[in-house]
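This report describes a two-chain complex, with attention to how the chains meet and how selected residues are placed.

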Amino acid sequence: MTQEIIFEELGEKERVLLLRAFDYDVDEEGYVLTPSKEKIRSKENPNRFIEAKFALLAPGSLEIMDGTPTAISEFLIKKESPEENNGD
Amino acid sequence: MVIEEILVFISNLPLKEVLIYLTGKGIVDYSKPGFEKIKQIIIDKHNEGKYAFVPDKTEALFLQQANADPKYMQISMLVPKYKHINLIRTGILLSEYNKKIEKNEEVDRHRNRIYQIKREIIHQPGGRRLLKIAKLPTTEFFPTILAYLAQLKVNGYPEEQLEEEFNGLVDDWQKSSKFAGNDDDWEEIITFCRRQAQDKNPRFFILALYEKPMRIVEGAIAQLESENFFEEEGYEIKISKGGNQGFPKLEVSIFKKLY
């Protein structure tokens, strides 16, 4: 049976500490930086970069996504779909 | 506190508490000797896959539970492979915020949030159409559209065609729909139906809320039926009454039968 995801909020410092555990970082403007120090482009709006405080930090191997309702919905739908859960 | 003590203390805490504890101790990175063990505990806890960190926990929880919303369940069943089903789920969130505004609950906050969500959607590529999809669950016509699609399914429409119909409705449900209000009379309903037939619209809808508009719509439909209008134009008609005692409603779906 698939484990239900628990949603939590994190303060700014805690988000940074979590990101740094996976060798990500946050720049002075609050944008998430990859281990190679590049900003991450939003999948939903390619003209924007992902800000740490508005990001979805997905469980499992850290995945950084847009934290908008549409992106969170998409993330949930993938988690709920039988294809995704095969082999769980 | 020495590293070993920190490791023992955090090893049984949930990830969020670990992060709060560590930042409270002034730990901002893992550069000091021995901190790589702390880093590994955080990685291991995150990799357990229990937690997702989001900007707004309440909103994320609502979206998580929206998979049990009857309207969401119905659309997921009717068009399970629909590419933009996430927008329907978001629309159910918008609908919830609208309900809170109607109940006078934190009106400004909810209005602002609706505005933000819509702005985020409209800035996506193809955003105007995406916004139409997200707004659909917030309209009174969404249940009518679902009932219509369900009827098509009963009539044997394959899934791909239901999806095509749904896509079509996203674009033109407004011009295919008539909301009968207190000020409408028979003639307006009849004119609407005749115009839809002239425009060769394969389906159109009428929705009436409360007794008086319901009677007007029923009267207009009865008049058109007595003239054999629907039969002559090749339309099938489905009328359903619903709502509740204080909020009765009448939904009329008129559509060309393919199968």
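## Model and conventions

The structure is a predicted model, in which local features need pLDDT of at least 70 and side-chain atom pairs count only at pLDDT 80 or more, whereas totals for chains, interfaces and linings use all residues. Residues are numbered from 1 along each chain as its sequence is written, and chains are lettered from A and ligands numbered from 1 in the order in which they are written.

For the complex, the predictor gives an ipTM of 0.92 and a pTM of 0.89. Chain B has an average pLDDT of 93, with 99% of its residues scoring at least 70; pLDDT is the predictor's confidence in each residue, on a scale from 0 to 100.

## Layout of the chains

Chain A contains three helices and five strands, which follow the order β-α-β-β-β-β-α-α along the sequence. Helices (H or I, at least four residues) and strands (E, at least two) are DSSP runs numbered from the N terminus. Of the 88 residues of chain A, 38% count as buried, a residue being buried if 20 or more other C-beta atoms lie within 10 Å of its own, exposed if 12 or fewer, and partly exposed in between, with C-beta atoms placed from the backbone. Among the contacts in chain A between residues at least 6 apart in sequence, 25% join residues at least 24 apart; two residues are in contact if their C-beta atoms, placed from the backbone, lie within 7 Å.

Chain B is divided into domain 1 (3–47) and domain 2 (174–259), with bounds that come from an automatic or database domain assignment. The centres of these two domains, taken over C-alpha atoms, are separated by 64 Å.

## Where the chains meet

The contact between the chains takes 37 residues from chain A and 39 residues from chain B. On the side of chain B that touches chain A, at least two residues each are supplied by α2 (15–24), α3 (35–47), β1 (51–53), α4 (57–65), α6 (85–102) and α7 (107–122). The residues on this side of chain B comprise 21 nonpolar, ten polar and eight charged, where Ala, Val, Leu, Ile, Met, Phe, Trp, Tyr, Cys and Pro count as nonpolar, Asp, Glu, Lys and Arg as charged, and the others, Gly among them, as polar.

Strand pairing also links the chains: strand β1 (residues 6–8) of chain A pairs with β1(B) in the parallel sense over three bridges, and I6(A) stands opposite Y51(B). Two strands are taken to pair if DSSP finds at least two bridges between them. E14(A), placed in helix α1 (residues 12–21) of chain A, counts as buried because it has 22 C-beta neighbours inside 10 Å. Leaving aside residues up to four places away in sequence, E14(A) touches L19(B), I20(B) and T23(B).

## The nonpolar core

The largest nonpolar core has 80 residues, of which L18(A), L56(A), I72(A), A52(B), L149(B), I206(B) and V217(B) touch the most other members. Such a core is a set of buried Ala, Val, Leu, Ile, Met, Phe, Trp, Tyr and Cys residues joined through C-beta atoms within 7 Å. Because domain 1 (3–47) and domain 2 (174–259) of chain B both give residues to this core, it lies between them.

With residues up to four places away in sequence not counted, L56(A) touches residues of both chains, including M65(A), I72(A), F75(A), A52(B) and V54(B).

## Strands within each chain

In chain A, strand β4 (residues 55–58) and strand β5 (residues 63–66) run antiparallel and are joined by four bridges, with L57(A) opposite I64(A). These two strands form a hairpin with four residues between them, and G60(A) in the turn has a positive phi of about 80°.

In chain B, strand β2 (residues 177–180) and strand β3 (residues 203–209) run parallel and are joined by four bridges, and K178(B) has I206(B) as its bridge partner.

Most residues other than glycine have a negative phi. K37(A), in the loop between β3 (32–33) and β4 of chain A, has a positive phi near 65°, and this residue counts as exposed because it has 9 C-beta neighbours inside 10 Å. E106(B), in the loop between α6 and α7 of chain B, has a positive phi of about 40° although it is not a glycine, and with 13 C-beta neighbours inside 10 Å E106(B) counts as partly exposed.
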